[in-house]
Amino acid sequence: MTNTAASNTQAANSAVERMRAAFPMPLLLSATPRWEIASDWFGFRVQLFTLEQDFIFNSELFGPIQVPLGFTSDFGSVPAVTKALIDDDDPDLLYASIVHDWLYNRRGYINDRVPLTRSECDGVLGEAMRASGAPGWKVAIVVGAVRFGGWRAWNEKPNPKEILT
């Protein structure tokens, strides 16, 4: 094996280990039956997936974020304008999207402590994408798009005080 090949193998192994440390449990999902799928904001039907076991992201910024069994996500809601660059089922986006959807669903509450702001939740999306191996340009596009258009999803959620009662 050449030095370059050995170096590439070592880098790949290192990336896998970083991802395993960030996401210590496998992502187990089931697809929502087609007849149970509701329309999104624009009237389109979107495939939903439900977690079949808890899913954990070990954030370096906020500690472990546990998304519970039974949580339903559509993964990334990627606007049509950006689909040429990033598909909504892009592997760099899948794990991060579940964590981000859960944070938005709970208006930033990880547990009973002070909730994360919308900006911090979007930062977790970027952190989780980087942990998944996404290149910087892709993280910048996705986080920028969420910063621009995520206010609607954030604002439709209940008041944070209602979440823990």
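This is a predicted model: local features need pLDDT of at least 70, side-chain atom pairs count only at pLDDT 80 or more; totals for chains, interfaces and linings use all residues.
## A sheet, a kinked helix and an aromatic cluster

Strand β2 (residues 49-51) runs antiparallel to β5, and 2 bridges join them. Residues are numbered from 1 along each chain as its sequence is written, and side-chain values use heavy atoms, with hydrogens and water left out.

Back to the sheet. It is open, with 3 strands in the order β1-β2-β5 and antiparallel pairing. At its edges sit β1 and β5 (72-73), each pairing on one side only. Two strands count as paired if DSSP finds at least two bridges between them. Helices (H or I, at least four residues) and strands (E, at least two) are DSSP runs, numbered from the N terminus.

Now for helix α2 (residues 91-105). At 1.5 Å a residue, its 15 residues should span 21 Å, and the end C-alpha atoms are 22 Å apart, which agrees. (The expected span is 1.5 Å times one less than the number of residues.) There's also a kink of about 35° in α2, centred on Ser97; the bend is the angle between axes fitted to the seven residues ending there and the seven starting there. Because 11 of the 15 residues are buried, α2 is largely enclosed by the rest of the structure. Among the buried ones are Trp102, Leu103 and Tyr104. Just after α2, Arg107 takes a positive phi of about 50°.

What about aromatic rings? The structure holds 5 aromatic pairs. In one, Phe23 and Tyr95 have ring centres 5.0 Å apart and planes at 90°, so the pair is edge-to-face. Phe23 lies in the loop between α1 (3-22) and β1 (29-31) and Tyr95 in α2, so the pair ties together parts 72 residues apart in sequence. Rings of Phe, Tyr and Trp (its six-membered ring) pair if their centres lie within 6.5 Å; planes under 30 degrees apart are stacked, over 60 edge-to-face and the rest tilted. Phe23, Phe55, Phe57 and Tyr95 form one aromatic cluster.

| Residue | Relative accessibility | Class |
|---|---|---|
| Phe23 | 5% | buried |
| Tyr95 | 22% | partly exposed |

Notes:
Buried means under 20% relative accessible area, exposed over 50%, partly exposed in between (1.4 Å probe, protein chains only).
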